[in-house]
Amino acid sequence: MRVQLFATCLGDLVFPEAVEDAAALLRAAGCDVEFPRGQTCCGQPAFNAGHRRAAERLAHAFARAFSPDLPIVCPSGSCASMVAHRMPVRYEVWELSAFLDSIGAEPLARNDGLRLAYHSSCHLLRELGVDEAPRRLLARTGAELVPLARPDLCCGFGGTFSVRQPELSVAMADDKLADGGRSDALVTADPGCLMHLQARAARTGAARVVHLATALARGAA
Amino acid sequence: MSFPVLDEHRLAATDAATLRLLTGREEAWAQLDDIEDLRERAHTIRMTAIDDLDAHLDRFVAALEAAGGRAHRCATAEEARATVLRICVDNGAKLAAKSKSMLSEEIGLNTALEAAGIDVVETDLGEYILQLAGDHPVHIIAPAIEKTADDVAALLSAVDGAPVEPRLEALAQAARRQLRRVFEQADVGVTGANFAVCETGSICLVTNEGNGGLVTALPRVHVALLGIERVVPTLDDLSVLLQLLARSGTGQTLTTYTRLLTGPRRKGEDDGPEELHVVLVDNGRSNLRRGRYREMLACIRCGACLNVCPVYRKAGGGAYGPVYSGPMGAVLVPLLRGLEREPHLPHASSLCGACTAACPVKIPLHELLLDLRRDLVGEGIVSRSERLAFTLWSLLWSRPALYRLSTALGRLGRPLGALAGPGRTWAAGRALPPLARRRYRDRA
């Protein structure tokens with residue numbers, strides 16, 4: 001099956017290894033992965049800040065880069081939701097784990113003996129309704145899933161929220177990191193949550209935070 | 001304008017109370033056979049009334065007057081205050097006993113009555129505590145949520161002139177003792193109204209403490225403040241909303257008291273007021289009747305969105321302003337007062353959508369926040385520098401070559417990122433994210 005990989009801007013610039021892991025998982029599941037070279041960003045930062053004209057410019061760039069006739073897969077629930085719900089063109093867009101789960105992917109047993117906690121990122125959970133697929137895939141890699149007290153609680157990133165409300169944003173990250181503290185690693189499907197939580201954990205020495213694609217492809221250890 | 005995190009004392013009190021309330025809601029919803037169907041029906045009932053609000057208000061007023069009540073339509077807070085004051089003065093009132101009403105907070109009623117020499121006493125325990133403390137409510141259904149038993153004991157002890165133990169039972173007994181005189185002597189009872197039923201002209205009051213019963217039965221005059229959007233067509237419709245209100249607010253199946261009041265005391269009846277006045281308050285609600293913002297008028301003030309909101313739970317209700325807070329406040333207040341006066345409220349959210357998922361009448365709260373942010377930009381309320389930044393950014397990133405160039409330059413400039421602007425704000429509590437040496441596109 002041919003799919004278009006949308007790296008997302010954070011994936012491209014900050015977490016290229018996670019995107020490589022995503023591409024490897026797709027190939028291992030038998031997909032022919034294309035990387036449209038004209039891609040940049042879905043425009044969500046502008047859309048969420050109310051700058052619709054700016055967001056439209058990015059949406060047009062997105063439309064020039066991606067074909068509406070092939071599925072788009074991206075390692076981010078939030079960007080997948082943006083593409084699914086807030087663009088003038090209709091795409092068949094999937095968050096990575098939802099797609100892998102739907103085609104019955106069998107990731108290798110990279111997490112045998114590891115205790116992992118999964119953070120249900122907000123837009124993946126509430127706007128795309130995806131919650132079990134990431135857990136199912138992690139379980140297939142041999143991980144023992146440690147339930148979070150509040151898996152659905154926002155980690156505090158929220159795009160521009162993280163700098164408009166820095167105190168609250170950091171306090172929310174601390175709650176999430178503390179909740180994940182009983183596991184070997186906290187796993188998230190979103191580069192936004194990942195960047196925010198890792199950045200806070202780097203200051204406090206709190207839990208290890210890993211992208212889902214990395215946890216599935218290479219293990220979370 | 002960013003919100004600070006509550007101090008430790010108030011944070012702990014808020015966290016425990018909201019967790020109890022939100023867990024209660026989740027359990028109460030889980031016990032219903034089909035919560036989604038009920039939410040959908042509730043949404044339809046609310047929107048039916050809102051889409052044809054004038055006709056529904058006319059029907060309610062006609063039925064109310066047929067039952068012997070009097071209706072007063074007020075366009076503004078000022079008119080509403082003047083109306084209540086006139087009713088009090090006409091009846092020679094010296095003391096008004098109040099049951100909890102967020103609308104009375106919205107219109108600033110207490111201050112207006114007190115300025116005219118009328119004593120006003122709150123009789124809802126939470127509101128009474130706040131009145132003693134001189135504070136505003138910080139939660140629409142649990143107004144004193146930030147106060148602990150020790151805080152309350154100190155306030156009640158000061159009234160008694162003797163120590164009151166910080167136990168729930170002792171606190172409630174002390175408040176009852178202190179308020180007894182008010183119930184007996186009040187000339188006017190002032191309440192809100194959770195709903196108004198068009199077919200019967202009834203107002204519905206939902207309470208847990210019994211003070212609402214005393215306030216509406218003992219004083220000679222009862223004044224009920226009603227937001228014009230709170231009408232429901234029939235009693236059957238009301239029953240749908242009542243199934244959701246208490247479950248969503250406190251996790252109760254029903255509140256301790258659900259009161260349906262139809263007109264004043266009739267001949268041969270033993271209790272009830274001689275006069276019932278319903279003050280119908282617009283105060284900006286008509287502004288919401290355009291486009292998608294109409295949905296906000298469906299709100300039944302259950303507080304579920306506050307309890308699930310991570311922003312509310314960290315910042316507390318006071319951060320949003322003196323009256324409404326949490327996601328419902330962040331949407332409603334700018335719409336009532338004007339975006340230019342409340343430009344920061346639409347940004348008091350991480351857009352996590354927990355509010356939308358918790359709303360019993362299916363108001364798309366986080367979507368409305370997005371619309372308000374769009375309007376902030378559209379109406380030119382955002383700063384010139386923010387607009388310029390997003391415009392420049394979108395011009396660069398909508399062209400792949402300029403994206404590549406700007407991100408390569410960005411990597412070079414990254415060490416300076418923590419010195420100013422958003423990077424500096426970010427770096428106050430977090431490490432700056434490392435930009436990869438080779439982007440994914442350079443590897444693919």
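Reader: Which way does α14(B) pass α16(B), in a left-handed or a right-handed crossing?
Author: In this predicted model, α14(B) passes α16(B) in a left-handed crossing, meaning that the near helix is turned anticlockwise from the far one by less than a right angle. Helices here are DSSP runs of H or I with at least four residues, numbered from the N terminus. Residues are numbered from 1 along each chain as its sequence is written, while chains are lettered from A and ligands numbered from 1 in the order in which they are written. As the model is predicted, local features need pLDDT of at least 70 and side-chain atom pairs count only at pLDDT 80 or more, whereas totals for chains, interfaces and linings use all residues.

Reader: At what angle do α14 and α16 of chain B pack, and how far apart are their axes?
Author: Helix α14 (residues 326–337) and helix α16 (residues 365–378) of chain B pack at an angle of about 40°, with axes 10 Å apart; the axes are lines fitted to C-alpha atoms over the stretch in contact, and angles run from 0 to 180 degrees between N-to-C directions.

Reader: And which residues meet there?
Author: Pro327(B), Met328(B), Ala330(B), Val331(B) and Pro334(B) of α14(B) meet Leu365(B), Leu368(B), Leu369(B) and Leu372(B) of α16(B), contact requiring C-beta atoms, placed from the backbone, within 7 Å. The residues of this contact divide into nine nonpolar, no polar and no charged, where Ala, Val, Leu, Ile, Met, Phe, Trp, Tyr, Cys and Pro are nonpolar, Asp, Glu, Lys and Arg charged, and the others, including Gly, polar.

Reader: On to chain A, what does the domain assignment give?
Author: For chain A, the assignment, which is automatic or from a database, gives domain 1 (2–102) and domain 2 (115–218), and 20 Å separate their centres, taken over C-alpha atoms. The contact takes 29 residues from domain 1 and 25 residues from domain 2.

Reader: How many residues of chain A are in contact with chain B?
Author: The contact involves 48 residues of chain A and 46 residues of chain B, and the chain A side has 26 nonpolar, 11 polar and 11 charged residues.

Methods
Contact = placed C-beta atoms within 7 Å. Helix = DSSP H or I, 4+ residues; strand = E, 2+ residues; numbered from the N terminus.
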